[in-house]
Amino acid sequence: MGTNGAVPGERGKLDKSVKRGNWGNQIEFVLTSVGYAVGLGNVWRFPYLCYRNGGGAFMFPYFIMLVFCGIPLFFMELSFGQFASQGCLGVWRVSPMFKGVGYGMMVVSTYIGIYYNVVICIAFYYFFVSMTRVLPWTYCSNAWNTPDCVGVLDGNLSSRAALNLTRLLNTTQKRTSPSEEYWRRYVLDLSDDIGNLGEVRLPLLGCLGVSWVVVFLCLIKGVKSSGKVVYFTATFPYVVLTILFVRGITLEGALTGIMYYLTPQWDKILNAKVWGDAASQIFYSLGCAWGGLITMASYNKFHNNCYRDSIIISITNCATSVYAGFVIFSILGFMANHLGVDVSKVADHGPGLAFVAYPEALTLLPISPLWSILFFFMLILLGLGTQFCLLETLVTAIVDEVGNEWIIRRKTFVTLGVAVAGFLLGIPLTTQAGIYWLLLMDNYAASFSLVIISCIMCVAIMYIYGHHNYFKDIEMMLGFPPPLFFQICWRFISPAIIFFILVFTVIQYRPISYNDYVYPTWAISIGFLMALSSVICIPIYAIYKVCCSEGDTLLERLKNATKASKDWGPALVEHRSGRYAPAFSPSTESHLEVQPLQPEKGRSEAAAASPVQGSNGSAHSQDSRL
């Protein structure tokens with residue numbers, strides 16, 4: 001590969017990895033990562049958490065957690081993947097005993113990838129049925145409605161007084177809205193129990209097929225094709241959010257809703273639950289420990305400034321959450337005003353917000369199908385951005401792990417295989433009990449385990465591999481060591497916060513329920529098994545690695561199992577300077593003439609004395625001239 005004929009000043013050609021491929025440019029990487037981090041949770045989880053945990057006061061713990069835990073972890077994962085140019089398995093050459101962490105990330109990404117696409121497929125379904133003159137969940141006159149159904153537009157109840165009268169009558173019998181009955185009785189055709197699967201809902205199955213085909217086509221050429229798609233999928237949701245925002249704030253009662261969302265209740269700041277919610281939301285929202293960040297960064301050029309990227313992406317993600325809150329609560333305030341009730345009566349989160357409360361509010365607007373189409377189109381795009389990365393994580397891990405020319409050329413077939421498997425595994429989630437399973441996976445497969453994986457990753461890099469080594473690696477890559485603030489966060493503050501989230505999650509634990517349905521014990525056990533299945537990879541692989549390592553005593557074996565393997569380091573020969581410089585060099589790569597003594601020196605001295613740790617540019621020009 002040599003120097004690819006680069007001129008001393010020209011860094012571009014040198015940096016590319018021909019075999020694995022790279023992003024077309026930096027914007028593609030940033031957009032992909034924004035699309036990955038900004039997902040459905042930003043729209044349907046954050047605004048509700050904010051309103052429930054003290055409105056504007058919640059922003060305070062939220063931003064503190066962002067600065068001390070979110071951005072540092074994000075930077076750590078990006079720099080980790082970019083330095084080694086490997087997916088979530090290959091990076092663990094840094095300390096082979098911990099490769100189980102990579103397998104754990106793969107398992108988590110598999111679970112999330114299966115159920116996330118089902119949510120996208122429901123959004124697709126709503127998107128298609130919105131293409132009518134009257135939205136099907138507007139009135140109570142359909143075959144699936146019950147006598148309890150009271151629509152916001154039904155009958156002659158235009159006057160407030162009559163509406164409030166029906167309210168009084170309805171305190172005895174619970175009012176159900178047409179949108180809720182449409183969701184439960186028509187779209188899901190919900191069964192009475194998680195064990196009672198009933199039949200597959202064919203419309204949903206069709207939409208699941210559509211969403212998997214879309215994801216596959218966008219990833220058909222790996223990051224080369226998905227990098228082009230994100231120009232649209234990562235930016236267009238902001239256009240839609242802005243359209244809905246402008247439409248929302250011009251409505252009567254919108255201000256009430258927004259005040260609900262933003263009015264600070266400062267007494268709640270002393271409540272541990274608020275801090276726990278803030279930390280968990282930051283953690284899950286940024287997609288730490290899913291393996292996706294490492295994978296996306298591994299397609300970067302070696303000298304890309306991922307420090308800058310991590311700050312841009314994290315802040316964009318949080319700003320989107322706050323912005324989405326305005327969009328959601330302005331329309332909920334309008335609806336509460338129309339019904340003459342408190343905003344808290346109409347506020348909801350999760351699928352209930354996206355598929356019941358918000359669609360119902362949309363029926364009150366003139367040309368409601370248009371707003372509905374826009375809203376669900378936005379949900380689809382937000383979901384797809386995350387789904388691309390989940391699939392790419394699995395494919396990259398498999399391809400990098402096998403690692404021979406044969407599989408690299410057939411990467412498209414690996415993508416196809418993973419997509420087909422994901423589709424087949426998603427079929428049970430389109431049955432009549434599907435939503436119960438979906439929420440079970442959402443609550444258990446990707447909650448405790450992510451926190452444990454992330455904690456172990458921090459400890460492995462900072463304490464087993466050693467923070468000095470890691471800081472030097474980053475300096476070699478970026479031209480400057482990580483700022484002091486990040487060094488302190490990585491070593492002490494972030495692991496402490498992660499541990500706090502873990503303890504908090506355990507203390508706060510309540511068995512899952514859906515509306516009034518309480519899950520049976522066997523279902524909750526399955527949930528815990530899913531959570532365990534990703535974490536259990538870590539000790540199993542560690543024990544296996546220690547058993548396979550050389551050494552007479554257990555301590556020697558442990559040392560050998562944790563020490564970085566010989567092929568750890570930058571992927572391309574031209575970046576392997578300093579302590580990664582090859583000990584003997586073929587004539588083509590004679591760029592060791594500058595430092596003939598280094599391979600003989602101790603590793604730490606070599607790293608310290610290496611002249612190649614200058615600024616970004618100088619480090620590189622020295623390599624390329626030789």
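How many salt bridges does a search of the whole structure find? The search finds 9, a salt bridge being a side-chain nitrogen of Lys or Arg within 4 Å of a carboxyl oxygen of Asp or Glu.

## Model and confidence

This is a predicted model, in which local features need pLDDT of at least 70 and side-chain atom pairs count only at pLDDT 80 or more, while totals for chains, interfaces and linings use all residues. Residues are numbered from 1 along each chain as its sequence is written, and side-chain values use heavy atoms, with hydrogens and water left out.

The pLDDT, the predictor's confidence in each residue on a scale from 0 to 100, has a mean of 88 over the protein chain. A value of 70 or more is reached by 88% of the residues. Residues 1-13 have pLDDT below 50, and this stretch makes 19 contacts in the model beyond near neighbours in sequence; a contact means heavy atoms within 4.5 Å. Over residues 585-626 the pLDDT also stays under 50, and the model has 57 contacts for them beyond four places in sequence. Where pLDDT is low, the predicted coordinates should not be read in detail.

Side chains of opposite charge can pair when their charged atoms come close. R20 forms a salt bridge with D400, with 2.8 Å between the closest N and O atoms. This pair links distant parts of the chain, 380 residues apart: R20 is in the loop between α1 (12-15) and α2 (26-37), and D400 is in helix α18 (residues 368-402). Helices here are DSSP runs of H or I with at least four residues, strands are runs of E with at least two, and both are numbered from the N terminus. R20 counts as buried at 18% relative accessibility, and D400 counts as buried at 15%. Buried means under 20% relative accessible area, exposed means over 50%, and partly exposed lies in between (1.4 Å probe, protein chains only).

E28 and K228 also meet in a salt bridge, at 2.6 Å from N to O. Because E28 lies in helix α2 and K228 in helix α10 (residues 223-233), the pair ties together parts that are 200 residues apart in sequence. E28 is buried, with a relative accessible area of 2%, whereas K228 is partly exposed at 47%. A further salt bridge joins the side chains of K99 and E401 (2.7 Å, N to O). K99 lies in helix α6 and E401 in helix α18, so this pair ties together parts that are 302 residues apart in sequence. K99 is buried at 14% relative accessible area, and E401 is partly exposed at 35%. Salt bridges that share partners join R52, K273 and D277 into one network.

Helix α6 covers residues 99-129. At 1.5 Å a residue, its 31 residues should span 45 Å, and its end C-alpha atoms are 46 Å apart, which agrees; the expected span is 1.5 Å times one less than the number of residues. Of the 31 residues of α6, 27 are buried, so the helix is largely enclosed by the rest of the structure.

Helix α6 is also among the elements that cover the buried residues of α8. In α8 (residues 178-187), the buried residues include P178, S179, E181, Y182, W183 and V187.

## Positive phi angles

Most residues other than glycine have a negative phi, and most peptide bonds are trans. Just after α8, D189 takes a positive phi of about 50°. S85, which is not a glycine, has a positive phi of about 50°. S85 is placed in the loop between α5 (56-84) and α6, and counts as buried at 10% relative accessibility.

N515, also not a glycine, has a positive phi of about 55°. N515 lies in the loop between β1 (513-514) and β2 (517-518), and counts as partly exposed at 46% relative accessibility.

## A nonpolar surface patch

V459, Y463, I464, L484, I488 and F492 form a nonpolar patch on the surface, and together have about 540 Å² of accessible area. Accessible areas come from the Shrake-Rupley method with a 1.4 Å probe, and for residues only the protein chains shown count as cover. Patches are made of residues with over 30% relative accessible area and no salt bridge; like charges are joined within 9 Å, and nonpolar side chains (Val, Leu, Ile, Met, Phe, Trp, Tyr) within 5 Å.

The elements giving two or more residues to the nonpolar patch are α22 (448-478) and α23 (484-507). L484 lies in helix α23 and is exposed, with a relative accessible area of 59%.
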